[in-house]
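Hi,

Here is the structure I promised to send over.

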Amino acid sequence: MTTLLVASTGGHLAELYDLKPRLGLGDDCVWATFDSPQSRSLLDGHEVIHVPPATTRDALGALRDLLAARRVLRGGRFTRVVSTGASVAMSFFVPASRHGLACHYIESATRTAGPSLTGRLVSRVPRTRLYTQHLDWADERWRYGGTVFDGYQASRRATPRPVSRIVVALGTHGRFGFPRLLARLVEVVPPEAEVLWQVGSTRIPRMPAGARPHVPYAEMQQAMREADVVVTHAGVGSALAAMRAGHRAVFVPRRRSHGEHVDDHQVELARQLDRRQLVRHREADAVTVEDLAEAASWTVAATGAVAPFEWTELA
């Protein structure tokens with residue numbers, strides 16, 4: 001039984017990659033995602049089919065992925081499709097359902113109050129099972145299977161680390177910058193600190209020295225492991241990357257009212273992870289040097305005791 005694992009790059013791919021061992025799929029899996037430094041590094045050694053990239057609310061990109069999905073599924077190799085989104089899930093589920101394949105959609109952990117637009121669309125596709133990572137909105141259609149953050153635990157360090165090396169990760173989305181956070185960090189980051197600035201499309205009048213739109217995935221992972229503090233936008237992929245590197249990140253949500261995203265889904269995720277002490281939630285205009293010092297006083301580790309993700313095949 002060959003499974004096709006489908007996700008856009010960024011947080012969606014990071015979630016599916018982390019959840020895969022808990023799904024009990026074995027090794028007979030093929031990945032379908034966009035060609036990016038993240039996917040090439042994360043999926044090194046796996047069989048990968050690269051499909052055209054599609055960004056947020058990108059109808060043309062979704063159509064290109066639909067045409068690619070038809071080609072991929074035409075040979076009858078796959079028996080089921082599993083996806084964490086985003087729009088590429090719909091592009092694959094429509095032809096997969098027509099071919100009689102079982103489809104499993106795991107909503108992103110960022111969706112704390114209900115399904116995303118993609119989730120609402122794929123819920124209408126026949127032969128689709130639906131899963132949420134938040135028990136609060138599980139119902140007869142959306143089954144709670146667990147969360148990608150299961151198995152991580154934060155603890156205070158015996159000896160706080162000095163804030164001498166910092167990683168700032170603002171994401172790589174081409175449409176949405178985060179100038180409020182970048183401007184604030186330029187003000188509060190200690191001038192003597194060594195900083196890796198990954199700023200994506202963000203631009204401000206006083207750009208920090210060495211700011212880079214993109215940082216290769218492997219380099220970013222290494223920098224996080226060596227850092228004392230990680231400051232990031234409140235994306236699920238960024239949270240996972242920081243946790244894997246042992247950090248309780250300063251986690252700052254984008255706000256729709258400032259044109260930083262299409263909605264405020266990052267806000268509730270930041271609050272929930274803060275309640276679990278896995279991040280330090282702060283608003284962009286309120287980050288302080290004390291927040292950096294507090295974050296450096298904590299570490300996050302995987303507990304090693306994670307239950308399987310609860311999912312079911314179609315009858």
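Leucine 273 touches Phe149, Ala239, Met243, Phe251, Leu278 and Val279, leaving aside residues up to four places away in sequence. Keep in mind that this is a predicted model. Leu273 also belongs to the largest nonpolar core, a set of 36 residues, and is listed with Phe149, Met243 and Phe251 as having the most contacts inside that core. At least two residues of the core come from each of β1 (3-7), α1 (11-23), β2 (29-33), β8 (152-156), α8 (236-244), α9 (265-275) and β14 (298-302). Which of these gives the largest share? That would be α1, with 5 residues. There is also a second, separate core of 26 residues, and Val51, Ala89, Val125 and Trp142 are among its members.

Now the aromatics. The whole structure has 5 aromatic pairs. One of them is phenylalanine 93 with tyrosine 105, an edge-to-face pair at 6.4 Å centre to centre and 90 degrees between the planes. Phe93 sits in helix α4 and Tyr105 in strand β5 (residues 102-106), 12 residues apart. Both Phe93 and Tyr105 are buried. Tyr105 forms another edge-to-face pair with tryptophan 142, at 6.2 Å between centres and 75 degrees between planes. That pair links strand β5 to strand β7 (residues 142-144), and its partners are 37 residues apart. Tyr105 has a relative accessible area of 0%, and Trp142 is buried too, at 7%. Phe93, Tyr105, Trp137 and Trp142 form one aromatic cluster.

On to charges: there are 17 salt bridges.

- Arginine 22 and aspartate 150 meet at 3.1 Å, N to O. Arg22 is in helix α1 and Asp150 is in the loop between β7 and β8, so this bridge ties together parts that are 128 residues apart in sequence. Arg22 counts as buried at 11% relative accessibility, while Asp150 is partly exposed at 24%.
- Arginine 143 and glutamate 310 have their closest N and O atoms 3.8 Å apart. Arg143 is in strand β7 and Glu310 in the segment after β14, 167 residues apart. Arg143 counts as partly exposed at 34%, and so does Glu310 at 44%.
- Aspartate 228 and arginine 161 come to 3.2 Å between their closest N and O atoms. Asp228 lies in the loop between α7 (217-226) and β11 (229-233), and Arg161 in the loop between β8 and β9 (165-169), 67 residues apart. Asp228 is buried, with a relative accessible area of 4%, whereas Arg161 is partly exposed at 25%.
- Arg180, Glu260 and Asp285 are linked in a network of salt bridges.

Glutamate 294 is another charged residue to look up. Its place is in helix α10 (residues 289-295), and it touches Arg156, Arg248 and Arg280, not counting residues up to four places away in sequence. Glu294 and valine 250 are 44 residues apart in sequence and 9.1 Å apart in space, C-alpha to C-alpha.

Next, some backbone details. Most residues other than glycine have a negative phi, and most peptide bonds are trans. Where is there a cis peptide bond? A cis bond joins glycine 85 and alanine 86, with omega at about 5 degrees. Ala86 lies in the loop between β4 (80-85) and α4 (87-98). Gly85 and Ala86 are both touched by serine 8, whose other contacts include Leu13, Thr33, Phe34 and Val88. Ser8 is in the loop between β1 and α1 and is buried, with a relative accessible area of 7%.

Arginine 127 has a positive phi of about 65 degrees although it is not a glycine. Arg127 is in the loop between α5 (117-122) and β6 (128-132) and is partly exposed at 37%. Glutamine 277 likewise has a positive phi of about 65 degrees. Gln277 lies in the loop between α9 and β13 (280-281) and is partly exposed at 38%.

Finally, the surface. Leu60, Leu63 and Leu67 make a nonpolar patch of about 270 Å². Leu60 is in helix α3 (residues 59-73) and is partly exposed, with a relative accessible area of 48%.

Cheers

How values were computed: Residues are numbered from 1 along each chain as its sequence is written. This is a predicted model: local features need pLDDT of at least 70, side-chain atom pairs count only at pLDDT 80 or more; totals for chains, interfaces and linings use all residues. Side-chain values use heavy atoms; hydrogens and water are left out. Patches are made of residues with over 30% relative accessible area and no salt bridge: like charges are joined within 9 Å, nonpolar side chains (Val, Leu, Ile, Met, Phe, Trp, Tyr) within 5 Å. Accessible areas come from the Shrake-Rupley method with a 1.4 Å probe; for residues, only the protein chains shown count as cover. A salt bridge is a side-chain nitrogen of Lys or Arg within 4 Å of a carboxyl oxygen of Asp or Glu. Helices (H or I, at least four residues) and strands (E, at least two) are DSSP runs, numbered from the N terminus. Buried means under 20% relative accessible area, exposed over 50%, partly exposed in between (1.4 Å probe, protein chains only). A nonpolar core is a set of buried Ala, Val, Leu, Ile, Met, Phe, Trp, Tyr and Cys residues joined through side-chain atoms within 4.5 Å. Contact means heavy atoms within 4.5 Å. Rings of Phe, Tyr and Trp (its six-membered ring) pair if their centres lie within 6.5 Å; planes under 30 degrees apart count as stacked, over 60 as edge-to-face and the rest as tilted.
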